[in-house]
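Subject: Structure handover

Dear colleague,

Here is the structure to look over. My notes on it come after the model.

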Amino acid sequence: MNAQDPTLARADHSDEISFYEKRKGVFPRGSDGRFRRFKWAVMAFCLIVYWGTPWLRWNRGPYAPDQAVLVDLAHRRFYMFDIEIWPHEFYFVAGLLIMAGIGLFLVTSAVGRAWCGYACPQTVWTDLFQHVDRLVDGDRNAQIKLQNAPWTASKVVRRLFKWGIYLTISFLTGGAWIFYFADAPTLQHDFWTGTAAPVAYATTGVLTFTTFWLGGFMREQVCIYMCPWPRIQTAMLDERSLTVTYKHWRGEPRGSVKAAAKRVEQGLDPLGDCIDCKQCIAVCPTGIDIREGPQIGCITCALCIDACDKAMEDVGRPRGLIDYFTLEDAEKEQRGETATSLVRTIFRPRTLVYFGVWASIGVAMLFLLGQRTRLDLSVAKDRNPEYVMLSDGSVRNGFTVKLRNMEDRPRAVVVSIADLPGGTIYTDEMESQAASTALSVEVPADTTKRIRVYAVAPRGAKPTDFLFDLKASDKEGGHDVARTTFTTAEGNGQ
């Protein structure tokens with residue numbers, strides 16, 4: 001029996017290569033600087049808007065809710081301050097979503113992944129939880145030490161305390177979301193007394209868990225592995241987009257200040273400006289090394305710029321070793337040429353086109369908002385039967401008429417007909433003898449009123465198109481028309 005070839009022997013399991021890398025903990029160090037302060041401001045603004053908006057009141061009169069921003073699913077309305085969107089006006093919501101998408105294209109084209117770095121909800125809540133880490137566990141070094149320490153009673157208590165803060169923030173986050181879909185004070189009372197709808201508790205529970213898990217534990221993994229937006233954004237960047245860039249031509253080769261001084265003394269080539277302090281890595285919320293070049297883990301938060309500028313200031317070297325820069329300007333600076341001004345970098349043809357499209361959609365929506373009528377009329381003709389022959393030879397057609405009053409007060413209106421010779425109308429709440437060419441109706445505030453209307457034409461009438469006409473009786477006025485058909489026996493070949 002031949003001996004087994006050792007080269008074909010099965011490798012030991014310990015030598016197998018895994019396709020999955022074990023997560024390395026990220027413990028960002030606290031920092032200060034212009035971008036960190038800007039990040040603080042954006043985070044505070046986003047949290048205040050998210051948690052505070054449902055509690056803003058807005059007077060719309062006695063017939064409409066007084067919550068400034070409300071998605072009223074029960075009555076199929078969307079309120080945003082003075083704007084009220086009805087189901088048939090959903091194109092306004094679609095327009096807002098399109099504007100948001102194009103706005104992201106614009107921002108990405110101009111300043112890279114600024115959305116990811118400052119305003120993305122995952123970024124905002126992760127940043128908030130990282131501040132909780134520093135508050136409870138201490139800064140970077142203390143966090144690493146505690147992470148590697150054995151599980152003692154002290155560590156367990158500290159972890160439970162920190163996770164309790166996580167859970168409180170997560171619950172407040174999930175709880176705030178449901179207040180956008182009902183009157184906030186009322187829902188809050190119902191929630192705590194156990195009388196709210198089951199969906200309110202379920203939604204709060206799901207959002208509490210996702211916030212707790214994604215913001216408290218998964219963090220940068222959401223940005224790097226789960227979110228599709230970084231992949232989409234990279235397709236929008238070009239050589240003129242501002243991104244956080246390490247100027248390797250200036251920083252390499254790296255070395256400490258002492259090593260640089262020693263090389264000068266020895267008459268060797270000088271080192272670059274990078275002193276290899278690794279502060280740019282220490283402050284990064286995703287734990288990447290920006291000196292390795294552009295990568296999907298960079299969310300363009302620019303905290304590494306603050307850290308590097310501080311290090312350069314400490315050693316007496318010019319700032320900007322890491323900076324917002326374009327690929328085109330990087331090539332220019334390496335050749336010793338002057339970089340393009342910030343204004344020309346941002347306001348270039350591509351960004352201007354994005355802005356033009358974005359602004360055009362906004363202007364069109366404002367125009368439509370200003371032109372829309374607050375009264376609306378729709379008419380649906382009965383299909384079975386299409387007509388009824390009455391005993392005196394006259395012909396009757398039935399219609400379902402919907403009168404939509406989009407004002408926050410009741411309105412008196414007049415419904416009349418035109419282009420139906422000798423025709424009269426009446427409702428199923430009237431006697432047929434009271435039929436006339438016009439009906440007076442009161443439509444409640446913020447309501448669509450449905451009425452059954454019968455149109456009667458005299459003997460010998462022929463099929464024809466005619467109009468239902470709606471006019472408001474009050475001084476504000478308002479008008480709408482709807483064309484429909486009148487069917488007779490002659491039109492059906494009888």
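The notes below cover the pocket, a surface patch and the salt bridges.

This is a predicted model, in which local features need pLDDT of at least 70 and side-chain atom pairs count only at pLDDT 80 or more, while totals for chains, interfaces and linings use all residues. Residues are numbered from 1 along each chain as its sequence is written, and side-chain values use heavy atoms, with hydrogens and water left out.

The largest pocket has a volume of about 1700 Å³. (A pocket is an open set of points on a 1 Å grid over the protein atoms alone, where a 1.4 Å probe fits, with protein on both sides within 12 Å along at least five of seven lines; lining residues have an atom within 4 Å of a point. The volume is the space filled by probe spheres set on the points.) It is lined by 44 residues, and Leu-97, Ala-100, Trp-115, Pro-121 and Trp-177 are the closest to its centre. Helix 2 gives the most to this lining, with 8 residues. (Helices are DSSP runs of H or I with at least four residues, and strands are E runs of at least two, numbered from the N terminus.) By class, the lining has 34 nonpolar, 7 polar and 3 charged residues. (Ala, Val, Leu, Ile, Met, Phe, Trp, Tyr, Cys and Pro count as nonpolar, Asp, Glu, Lys and Arg as charged, and the others, Gly among them, as polar.)

Surface patch. Leu-56, Trp-58 and Phe-81 make a nonpolar surface patch of about 250 Å². (Patch residues have over 30% relative accessible area and no salt bridge, with nonpolar side chains joined within 5 Å; areas are from the Shrake-Rupley method with a 1.4 Å probe.) Phe-81 sits in the loop between strand 2 and strand 3 (83-85).

Salt bridges. The count comes to 31 salt bridges, each being a side-chain nitrogen of Lys or Arg within 4 Å of a carboxyl oxygen of Asp or Glu. In one of them, Arg-350 pairs with Asp-238, with the closest N and O atoms 2.8 Å apart. Arg-350 is in helix 17 (residues 349-371) and Asp-238 in the loop between helix 10 (229-236) and strand 4 (243-246), so the pair ties together parts 112 residues apart in sequence. Asp-376 forms a salt bridge with Arg-404, the closest N and O atoms being 2.2 Å apart. Both Asp-376 and Arg-404 are buried (under 20% relative accessible area; exposed is over 50%, partly exposed in between, with a 1.4 Å probe and protein chains only). Asp-133, Asp-137, Arg-159, Lys-162 and Arg-219 are linked in a salt-bridge network.

Regards

How values were computed
Patches are made of residues with over 30% relative accessible area and no salt bridge: like charges are joined within 9 Å, nonpolar side chains (Val, Leu, Ile, Met, Phe, Trp, Tyr) within 5 Å.
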